[in-house]
Amino acid sequence: MIGLDIAFWVLAIVGIIAALAVVLLSDVFRAALSLVVCFLAVAGIYITLSADFLAAVQVLIYVGAISVLIILAIMLTREVQRGSPSNRLRIPAFLVAILFLGGMAFAMLNTTWQVSVAPPLEPTTSALAGLLFGEGGFILPVEIAAILLLAAILGAIVLVREK
Amino acid sequence: MLANYGYIGLLLVVAIFFAVTTLLLPLFLRFIHIVPHKPNPIKSSTYECGMETIGKAWVQFNFRYYFYALMFIALDVLVVFLYPWAVELRKLGLFGFIGMLVFTFIIVVGYIYAWRKKVLEWK
Amino acid sequence: MSIFNPSLNLFNCYLEALPPDWPGGFWLHLGLFVVIILAFVLAMIMGFIWFERRGIGRFQVRLGPNRVGPFGLLQPVADAIKILIKEDIIPAKGDKWVHWLAPVVAFVPALMIFAVVPFQDGALLADLNIGILYVVAISSVSVVGIFMAGWGSNNKFSLIGAMRTVAQAVSYEIPVVLSIIGVVLIAGSLSMNEIVKAQSIPFILLQPLGFLIYFIGACAEINRTPFDLLEAESEIVAGYHTEYSGMKFALFYLVEYTEVLAVSAIITTLFLGGWRGPVLPPVLWFLIKVVAVFFLIFWVRSTIPRIRVDQLMAFAWKCLLPLALINLFITGIEVVVLPEALPWTIIFLNLAIMAVLIVLWSKFFRLGGGRVEV
């Protein structure tokens with residue numbers, strides 16, 4: 001499938017360049033915009049894996065909500081353009097990152113990946129609904145996720161009231 | 001299914017091409033002297049109704065914007081769970097309905113608390 | 001290279017899942033619908049601009065543009081030519097790249113929405129299984145473009161306008177999406193084409209409250225007049241596009257109308273039965289309904305004055321959000337408990353519930369009058 005290959009490589013390259021830009025750009029706002037591009041590329045990769053619902057959620061939550069939150073957080077910082085100047089820990093941080101990257105690459109290349117031969121599900125949402133809310137599904141983890149969200153809201157309230 | 005997303009991806013390319021071409025058109029017209037290009041320091045200074053600009057525009061903003069964004073993220077995640085639930089509710093029946101009711105109730109507790117504590121007020 | 005070899009098998013599976021007309025028909029379909037979408041959007045926007053200016057002229061007991069062409073019909077064309085030959089001013093202190101890219105980032109998602117709007121049965125670019133979720137997701141990207149415009153200009157008015165846009169989009173998104181889910185509950189599908197097919201009765205009758213919430217919330221999300229605080233002329237000049245001129249300004253203007261057109265098309269599809277209708281051909285029904293919704297939107301614009309920022313936020317969080325939640329669960333109960341009930345019973349029940357809820361909320365909760373520190 002040549003089209004899918006092209007899509008994968010384009011998305012992967014765009015994603016990696018954007019991710020590098022997030023780290024290397026010193027202007028924090030431009031770094032945040034690169035992060036948005038990176039999120040979009042990841043959504044595209046989900047689509048090449050036939051996970052359309054996940055891709056839409058990626059765009060909705062990460063591009064639509066998290067990036068807005070990040071941009072607002074930038075507005076709360078004082079020296080935006082100077083960004084985060086590098087400090088004495090530059091070289092140790094670089095070494096740790098290289099080690100981590102090496103470990104990840106090693107693990108990925110040495111895993112025998114289990115690839116499903118079943119064709120991808122046509123409407124993914126129905127299967128998801130059955131698993132999340134059906135009897136004998138994952139209803140308890142879903143409710144626990146709700147408590148996590150409640151904790152997030154309460155945290156936000158505490159942050160605002162502290163004045 | 002993937003053919004459909006092929007359409008979406010190619011439409012994205014066309015849309016970007018269209019927008020960028022629209023923006024490049026005046027540059028071309030400037031090249032053949034139809035669009036004027038006479039910048040001067042006053043013209044390209046920041047527009048503030050004729051006043052001299054004081055300080056930078058990139059200043060610290062009200063924290064309240066951040067609170068609304070946090071509330072929004074929590075509710076947005078709730079909404080993501082609602083989509084598959086809404087599609088399949090007929091098959092899920094009462095069990096699925098009550099499951100979602102409890103799920104929403106837990107989050108709405110936080111919302112009601114925010115309302116009671118008057119943090120939803122815009123100040 | 002052990003990662004990539006097994007995936008080739010997976011790709012062969014995809015090949016079987018594709019429709020048989022993938023190679024030739026794919027490009028034909030793509031070319032046809034890209035042309036249709038671009039022509040539809042540009043032609044409708046030209047028409048809308050003329051219609052709105054003439055219409056608002058009538059609302060304000062004046063004539064509106066009537067010099068260029070018959071009935072002023074060529075006014076949008078004249079505007080387009082004028083704006084094309086204007087000088088392009090970039091603020092010296094701004095972030096040049098962000099300033100340049102902002103209109104593109106705002107425009108692209110607005111255009112992408114039309115990929116899933118059905119003009120007729122099956123006549124759409126891509127009939128996605130997650131159609132309406134795609135619309136919600138893609139339209140949330142436009143905010144980033146508007147914020148880029150505010151930031152790249154390095155102008156206080158622009159930035160305040162952009163911040164207001166973010167606050168507004170964040171607040172009105174949730175009620176809008178909850179009312180969409182009410183429709184999904186009844187239709188039992190996220191695909192736009194399936195939603196239209198499910199409407200033997202237009203969903204505006206089954207979801208009257210959902211329609212109201214969607215209409216108000218969508219007007220706020222696309223910043224139409226009762227909610228256009230981000231470009232409030234009396235406060236912040238022109239908001240986020242204060243520093244824009246020439247073609248870049250034109251692109252923002254285009255974005256505004258593209259979003260209005262998108263909202264009209266989505267309301268038509270979700271609530272008014274899309275292309276369905278007697279006698280006339282489906283495409284014509286679709287266009288009639290889109291224009292009718294647009295008329296409603298600018299009627300609201302010429303009737304209701306702009307609201308204040310604290311009222312704006314309170315209205316979203318304390319009025320629309322609880323009503324949307326209640327509406328959602330009442331619809332859920334109807335779907336689970338009364339799946340076989342007669343449509344007319346449900347219609348009257350829902351209208352009654354809507355009336356009770358709106359009266360109750362207007363007693364229980366008031367938007368503060370008087371002076372407020374902003």
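What share of the contacts in chain C with a separation of 6 or more comes from residues 24 or more positions apart? The share is 78%, where a contact means two residues whose C-beta atoms, placed from the backbone, lie within 7 Å. Keep in mind that this is a predicted model: local features need pLDDT of at least 70, side-chain atom pairs count only at pLDDT 80 or more, and totals for chains, interfaces and linings use all residues. Residues are numbered from 1 along each chain as its sequence is written, with chains lettered from A and ligands numbered from 1 in the order in which they are written.

**Chains B and C at a glance**

- Chain C has 15 helices and zero strands; helices (H or I, at least four residues) and strands (E, at least two) are DSSP runs, numbered from the N terminus.
- Chain B has two helices, again with zero strands.
- For chain B, with its 123 residues, the buried share is 37%.

**Where chain C touches chain B**

- The contact involves 68 residues of chain C and 52 residues of chain B.
- On the chain C side, the elements giving two or more residues are helix H1 (4-17), helix H2 (22-59), H4, helix H7 (156-187), H12 and helix H14 (309-337).
- H7(C) gives the most to that side, with 14 residues.
- By class, the chain C side has 49 nonpolar, nine polar and 10 charged residues. Here Ala, Val, Leu, Ile, Met, Phe, Trp, Tyr, Cys and Pro count as nonpolar, Asp, Glu, Lys and Arg as charged, and the others, Gly among them, as polar.

**Helix pairs**

- Two packed helices are described by the angle between their axes and the distance between the axes. The axes are lines fitted to C-alpha atoms, for helices over the stretch in contact, and angles run from 0 to 180 degrees between N-to-C directions.
- *H1(A) with H2(A).* Helix H1 (residues 2-24) and helix H2 (residues 28-48) of chain A pack at about 155°, with axes 8 Å apart. That makes H1(A) roughly antiparallel to H2(A) (over 145 degrees; under 35 is roughly parallel, 65 to 115 roughly perpendicular and the rest oblique).
- H1(A) passes H2(A) in a left-handed crossing, that is, the near helix is turned anticlockwise from the far one by less than a right angle (clockwise would be right-handed).
- The residues making this contact include Leu4(A), Phe8(A), Leu11(A) and Gly15(A) of H1(A), and Leu35(A), Cys38(A), Val42(A) and Ile45(A) of H2(A). They divide into 17 nonpolar, four polar and no charged.
- *H4(C) with H12(C).* The axes of helix H4 (residues 96-112) and helix H12 (residues 246-271) of chain C come within 9 Å and cross at roughly 25°, so the two are roughly parallel. The crossing of H4(C) past H12(C) is left-handed.
- Among the residues that meet here are Pro103(C), Phe107(C) and Leu111(C) from H4(C), with Lys248(C), Phe252(C), Val255(C) and Glu259(C) from H12(C). The classes come to 10 nonpolar, one polar and two charged.
- *H3(A) with H5(C).* This pair spans two chains: H3(A) and helix H5 (residues 131-139) of chain C pack at about 25°, with their axes 8 Å apart. They are therefore roughly parallel, and H3(A) passes H5(C) in a left-handed crossing.
- Ala56(A), Val59(A), Leu60(A) and Gly64(A) meet Leu133(C), Tyr134(C), Val136(C), Ala137(C) and Ile138(C).

**The buried face of H5(A)**

- Helix H5 (residues 124-133) of chain A has Thr125(A), Leu128(A), Ala129(A), Leu132(A) and Phe133(A) as its buried residues. Seen down the axis, they fall within an arc of 100°, so they line one face of the helix; the arc is that of the directions from the helix axis to the C-beta atoms.
- Their cover includes helix H3 (52-76) and helix H6 (139-161) of chain A, together with helix H2 (64-116) of chain B.

- Ile353(C) is in helix H15 (residues 343-364) and counts as partly exposed, with 17 C-beta neighbours inside 10 Å.
- Leu296(C) sits in helix H13 (residues 282-303) and is also partly exposed, with 14 other C-beta atoms within 10 Å.

Methods: Buried ≥ 20, exposed ≤ 12 C-beta atoms within 10 Å, placed from the backbone.
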